[in-house]
Amino acid sequence: MTENSLVIYKEKPALVKNYSEGKFTIALSDGSQIKVRDKDIELLHPGPLKDLNGIADYNIDHASIKEAWEYLTEEDSPVSVKDFCALAFNEYTPFTAYAAYSLLKDGLYFCGKIDAILPRSKDDVAADEIKRGDKQRETDERIKFLERLKLCYKKPEENKMLPDDTRFIQDAEALAFGKSAKSRTMKELGFSETPEDAHALLLKTGFWTNKINPHPARFGLSLSDSVIRPDEPPNEDRKDLCRLDAFAIDSPWSNDPDDAVSIEETENGNSILYVHIADPASSVTFDSPAEKEARDRGATLYLPEKITRMLADDFLPVYALGVSDKSPALTFKMTINENGAVTDTEIFPSIVKVTRLTYEEADKVINTKLSSLYKLSQKIFKRRELNGCVNIEFPDVYISAVNGEVKIQIAAEYQSSSLVRECMLAAGEGAGTWAASRGITFPYISQEVELQGKIINGLAGSMQLRKCMRPRVLSVKPGRHQGLGLDTYSQVTSPLRRYTDLLSHMQIRAFLRGENTLGADEVSARLGFSEAAAIASVQAERASNNYWIMVYLSDKKDSLWNAVALENKGSRWQVIIPSLALETQVALQKDAAPNDEIKLILKSVNIAKGEAVFLHA
């Protein structure tokens, strides 16, 4: 190798400039120079070659190349690059030498090395020609697909996409679902590779309709129902409480009732509150397949379009309260004194006869059948209020999306909903103190509140209070829940819906059977794992609710909406539309004040980004 010889370095062309101290200095195609050892380069042509400009531009006659291949196939012996160039190009120059190397790298007709080029077998060449033909057709079809897609994006009304185009759009779908961070299609179109932009493309080009909600998938959640069915309830002694009037009070759309309440009065002025809870832990045991499945899911996923349960759907009739004439339950029997405090708690398996009521139905008998329970709930609330509980009252809605048809109902306020809430909180307090007094490791929930400044009334005041709430803490150590005004609190009333409640029930059940309960490390590990899944479910539910609200609004441009001003944000105001339970920001007049009732006009909706733009009417 001499100065200006053409060599190959890391499969790229280079020129030899000089040799010194056992190393060659070579010039690369980008103009840079480096020093390399002789074993790092291969001589392609002795040169001299002035520079590398046009080195890859030699016009190869493919007919001549095929003739050379056929000739070498008959000869069946290797040839040097010099002899190959003489055969294929009738000349050996730096340009033909690099063309020969390119053919060798291409690998269709030839294999081997620079100094020993061999023809590939006819069968191998024929097979590769078929593959390359298929690949070229795929490339040509993709180019046409992108042309159609660009036109469709610019003019959706002229949609000329083909049914077979779905195979090319799958990478954009994966990005929109959050299953991939990249999309070849989005990149080739010059679009940002974000789930939102991919979603917008799919909607605009008609590959997706508004019926497809991508948010659960973005949080890694499955929409497939659990198929692991726990065992049937074991035969065991259960206290018969069918003498008590037990009421399961819930929303009309609820079909998994897992709590009911009863009451007895005592002669000394105390009340006995019974909170009957569904008892899946009688057959769901530690590390059973059903327990692991529930732990993985963290909670039942409630979406407007679908409910994906933590436990197998066909398991519900076994334990849901009031579905059968008599229901197995785990009963929390609490003595409540005149001040509304829980003074004693018993927990035991039971059989109950439950009457199911909607909140509306319950309100109609709040002063008759439910009078004692309602008065007791008021005492419990009064005690919590004296203990500094925080009452945040924001409007709520129920959203359903059946086959893409969205309906939004305002969740009415009922007296019976407060009755149920207070009884459930009492059960959480009673269960927590019961477990703590017996040394049972239990999932406790605590929360701090940092009140700042004067809290005003109305929805604006609820906004202030919400900002004062610190994140809740889930721990195996009891702690004050300042938001609820309780010194000890644990959630135990939804074991069919929340894994932490089911875990609490399994600990209670193990203790009642005289078996070993889980230790702190084991409970903490389960809580950490399941809480991550539960948080993902909550986030997916919120994002999905917002998504379906955007779909609901998408055909309502210029419609008017009643809203309430919450908080000034500089040039804009945070407002809430109660009928949608939707918060947004708008520009209001300078003299606007918190709790002002205002009217907004809807100007635009971006479903993919989950944004609706309102203006002050």
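**Figure 1. The whole chain and its contacts.** Among the contacts in the chain whose separation is 6 or more, 66% are accounted for by residues 24 or more positions apart. The model shown in this and the following views is a predicted one, and its chain has 16 helices and 25 strands. With a radius of gyration of 36 Å, well over the 25 Å that the globule rule gives for 617 residues, the chain is more spread out than a compact globule. The C-alpha trace spans about 115 × 65 × 50 Å along its principal axes, and buried residues make up 47% of the 617 residues.

**Figure 2. The crossing of helices α15 and α16.** Helix α15, which covers residues 499-512, and helix α16, which covers residues 520-553, have axes that come within 10 Å and cross at roughly 160°. That angle makes α15 roughly antiparallel to α16, and the crossing of the two helices is right-handed. From α15, the residues Tyr-499, Thr-500, Leu-503 and Gln-507 take part, and they meet Val-523, Arg-526, Leu-527, Ser-530 and Glu-531 of α16. Divided by class, the residues of this contact between α15 and α16 are four nonpolar, three polar and two charged.

**Figure 3. The packing of helix α9 on helix α15.** Helix α9, made up of residues 289-297, packs with α15 at an angle of about 145°, and the axes of the two helices are 9 Å apart. On the α9 side the contact is made by Glu-291, Ala-294 and Arg-295, while α15 contributes Tyr-499, Leu-502 and Met-506. The classes represented in the contact of α9 with α15 are four nonpolar residues and two charged ones, with no polar residue.

**Figure 4. The buried residues of helix α7.** Within helix α7, which runs over residues 195-204, the residues Ala-198, His-199, Leu-201, Leu-202 and Leu-203 are buried. These buried residues pack against several helices, namely α4 (122-154), α5 (170-176), α6 (184-189), α8 (215-218) and α16. Just after α7 comes Gly-206, which takes a positive phi of about 85°.

Figure 5. When its neighbours within four places in sequence are left aside, Ser-377 is in contact with Ser-418, Leu-419 and Glu-422.

Figure 6. Most peptide bonds are trans, and most residues other than glycine have a negative phi. Gly-47 and Pro-48 are joined by a cis peptide bond, with an omega of about 5°, and Pro-48 is found in the loop between β5 (41-45) and α1 (62-75). Asn-4, a residue other than glycine, has a positive phi near 70°, and its place is in the segment before β1 (6-9). Asn-90, also a residue other than glycine, has a positive phi near 65° and is found in the loop between α2 (81-89) and α3 (94-106). Asn-4 is buried, with a relative accessible area of 18%, whereas Asn-90 is exposed, with a relative accessible area of 70%.

Methods
Residues are numbered from 1 along each chain as its sequence is written. This is a predicted model: local features need pLDDT of at least 70, side-chain atom pairs count only at pLDDT 80 or more; totals for chains, interfaces and linings use all residues. Side-chain values use heavy atoms; hydrogens and water are left out. Contact means heavy atoms within 4.5 Å. Axes are lines fitted to C-alpha atoms, for helices over the stretch in contact, and angles run from 0 to 180 degrees between N-to-C directions. Helices (H or I, at least four residues) and strands (E, at least two) are DSSP runs, numbered from the N terminus. Angles under 35 degrees count as roughly parallel, over 145 as roughly antiparallel, 65 to 115 as roughly perpendicular and the rest as oblique. A crossing is left-handed if the near helix is turned anticlockwise from the far one by less than a right angle, and right-handed if clockwise. Ala, Val, Leu, Ile, Met, Phe, Trp, Tyr, Cys and Pro count as nonpolar, Asp, Glu, Lys and Arg as charged, and the others, Gly among them, as polar. The radius of gyration is taken over C-alpha atoms; the globule rule is 2.2 Å times the number of residues to the power 0.38. Buried means under 20% relative accessible area, exposed over 50%, partly exposed in between (1.4 Å probe, protein chains only).
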